[in-house]
Amino acid sequence: MNIPRIDGSRYGAVLVSQPLQAASSTNTPRAIRVPVQVYVRLHHGDDIFARSAATGLRSISTSRHQRPTPPPPPHRLHTAPLARLFCSAVASAGARLPNPNYFTSHPLYRRSWNHSVAAAEPIEDPKPSQNPVFPEARVVAQDKDEILNIVDYYDEDVAVDEYLKFYKDPYLRNYAPANGPHVTVSDRLEDVELQTVDGDPGFVDRDFEPAWHLWQALAARRRRPAHVPIDAVWELYQALPEPRPAHMSTRARCLLMSTLASGEKKDQRSMLRYFAVVADVKNAGFALTSFQWNWALSFASRYVAVTTEVEVEAALKLWRTMEKEANIKGTEVTFNILFDCASKAGKFTLAEMIYQEMTHRRHAFNRFHHVSLIHYFGLKLDSGGVRAAYKEMIDAGEMIDTVTCNCLIASFIRCGEEHSAEYVYARMKTFNKDAPVLPHIDYTMAKAINKVLQIFARVSKKDPSLRAQFQRSVLLSPDLHTYRILINHYGINLGDISKVVRFLDEMKAYMVQLNGVIFLALFKSFAVHGGPASDWSATRLNSVWNAFLNAIDTGAEGLYISTWMAMAALEAHSHYANRDQIVDIYDAMRDRWSLDEMSIQYMLHFLQTLLDRRYPQAHKPSWAGEAAAQKGLREP
């Protein structure tokens, strides 16, 4: 390359004279304008340093009058964008580009001032052709090896799938192999008789006598639940040595937890028993199934009569332990329990979040969830939502039974629509007229009926023609819970004794047996609305009291004296009876109840508080109080 000279300006023009390889034999010198210096001024004290950097070709010009853009202003840090570097830009005269701005995105700047340039051979601008000729597109074929050589080296015989497996499986990492394992067979008795892999060794229950007695009790209660109480099963379990679950087979262990969870009443005592077994099972190294986790959630949220945020928080912690620590995903039963717990506690936002999570996980909605949804809208006082949830339940193909209608009645009453609740009750009385005697449904039979209704729903979804036949076989007549809802509302809340008497007569007509919940509702009604000038008179209270004692003495099913029943009876009689009569009523109940020591002490404290509130002993000398304390609670 022949470089004649570089002028002394800030941006020099390099005159390149090179023979062009083209069809034309004429060698024409070309001027290539190259920015030589890009000034970056750096302030360092009083000194100013200049640094030059090559930035690449800015423009290709064929005229000596064209100059690039002036440099940036001084005393300012300026970083010029680096242009693409071109090693050579030489084209033949016959294939010259029509636009001098082809290699640059900036237009050429033509200065209007004169600039002295050393004498050189003038280069004339070629006249633009009337019909410009564009160069033909050239396809540069690059060799595969040349492309591969862009990267310095490659791992031999290693595909992409190997690297993906490397990151998916941490055991493929290049860790040093462990030393061992050195396995030896133990001949100790405690090692030989450990739980097997399948978890059901036959010798564990039969060879160990306490475990065999427990298994027999569990099998007997499974056949006849009323003949073997849960207390007897719990005592046999406590007789096992520690760790207790290790001395039981898997079948016996699951049956034990099912037995403890199958109690009709979920109270604090039954809850503590079940969680004690759960702790023993986890400490023994055994895993819990999803059914057992769901039973634990049910106990944590339903062991009290009124669900609060404490029970909601406990249920959520159990759910987190179930999914995060035990790695067992929640089922539709899990979400139904959580939804019901959040709804009863008034946490409607949380209930909606649980509903959305259940929908996101694509869990199927069963009849329990549909009934819980009806109850949810009732708690929100939305009667339109109650009707919509009931319609959705029918559209889903679920069977409508007495439980669903009871939920409708309770929801309409909570919404303040008594006429809608009475309409549902009147429709319930029209069903099952052909049945001469309605069967008594206890807790065990109710569970069996729920399973049958679920089977009916699944079959009717596959064959819709069977739905009408299945629905006709479902009981829809009023039951004990129906009258409990109605008497609680019209008795305790409204004090309408005429409606209460009508419901009691209809209970007798429909052969619904009296239960403790009915007597409890009646005593609470007398306690709230009783008085000298009230329709809830002393004569009617005495009639209810005598019927209650008669039912207790005859051993009526589902009737016993609890602390709630005793407090309601004392409060009801306090409107009409004197101090001695109240104490007589307390003695009559004390002879018939079976309370523990703590409950008895609580009832004594309640009786003393009631007597002091109803019969204040003002201006009484101290010696009279001491004499009364010596003789008991009666006045001297």
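How many residues apart are Arg 590 and Asp 587 in helix H24? They sit 3 residues apart in helix H24 (residues 579-590), about one helical turn. Helices here are DSSP runs (H or I, at least four residues), numbered from the N terminus.

This is a predicted model, in which local features need pLDDT of at least 70, side-chain atom pairs count only at pLDDT 80 or more, and totals for chains, interfaces and linings use all residues. Residues are numbered from 1 along each chain as its sequence is written, and side-chain values use heavy atoms, with hydrogens and water left out.

**Salt bridges**

A salt bridge is a side-chain nitrogen of Lys or Arg within 4 Å of a carboxyl oxygen of Asp or Glu. By this rule the count is 22.

| Pair | N to O distance |
|---|---|
| Arg 590 and Asp 587 | 3.2 Å |
| Arg 502 and Glu 506 | 3.6 Å |
| Arg 614 and Glu 571 | 4.0 Å |

Arg 614 and Glu 571 link distant parts of the chain. Arg 614 lies in helix H25 (residues 597-614) and Glu 571 in helix H23 (residues 563-573), 43 residues apart. Arg 502 and Glu 506 share helix H20 (residues 497-509), 4 residues apart, about one turn. Salt bridges also join Asp 231, Arg 269 and Arg 273 in a network.

**Accessibility**

Buried means under 20% relative accessible area, exposed over 50%, and partly exposed in between (1.4 Å probe, protein chains only). Arg 590 is partly exposed at 42%, whereas Asp 587 is buried at 18%. Arg 502 is partly exposed at 33%, while Glu 506 is buried at 15%. Arg 614 is partly exposed, at 33%.

How values were computed: Helices (H or I, at least four residues) and strands (E, at least two) are DSSP runs, numbered from the N terminus.
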